[in-house]
Amino acid sequence: MSEPPSEDTSSFLREDPEGILCFAIEGDISDPMARSIAAVFRRVSDSGRELFVLSDARRVGTLTAGARSALAEELRGLRFSGVAVFGASFSLRVVITLASRSVQFFTGEAYPLAFFDTEDDARAWLLAQREEIRATRRIQP
């Protein structure tokens, strides 16, 4: 069986200088788009780096059923250090929360997910998460 087509993520996904994966999508999130995003997350995770994600949801449409299934499947086994979403509508927050719980149910991995009104608040939370993780590592024998 051949690989499903993937989508070029360079137009909506980038890594910032602080090592945070930032993405901003306009419109609906399709199955191929979800698989492409998950592939980037997997590459970062497989490299042994912490996986911090900052999502600009101000212009996101819907998360299609195919995209939800793809994320649940593709994110299995990934360990997120923190996911911050800003600008999401109430309905999108509900969908993201349900999708997140689905992924957590199937993977057995809990990860910090938080919603914010502004990018600055979301970024500050991610940086605090990172500092907390690193501080914990420093005090372990």
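A residue is called buried when its relative accessible area is under 20%, exposed when over 50%, and partly exposed in between (1.4 Å probe, protein chains only). The model on screen is predicted: local features need pLDDT of at least 70, side-chain atom pairs count only at pLDDT 80 or more, and totals for chains, interfaces and linings use all residues. Residues are numbered from 1 along each chain as its sequence is written, and side-chain values use heavy atoms, with hydrogens and water left out.

**The whole chain.** Display the protein chain as a cartoon; it has four helices and seven strands. Helices (H or I, at least four residues) and strands (E, at least two) are DSSP runs, numbered from the N terminus. Of the 141 residues, 42% are buried.

**Strand β4.** Select residues 52-56, which form β4. Five of its five residues are buried, so β4 is largely enclosed by the rest of the structure. Phe52, Leu54 and Asp56 point one way, whereas Val53 and Ser55 point the other way.

**Glutamate 50.** Move back to the loop between α1 (31-46) and β4, where glutamate 50 lies. Is this residue buried or exposed? Glutamate 50 counts as buried because its relative accessibility is 12%. Finally, show the side chain of arginine 134: a polar contact (a pair of N or O atoms within 3.5 Å; within protein, one must be able to donate a hydrogen and the other to accept it, and residues adjacent in sequence count only if both atoms are side-chain atoms) of 3.1 Å joins it to the side chain of glutamate 50.
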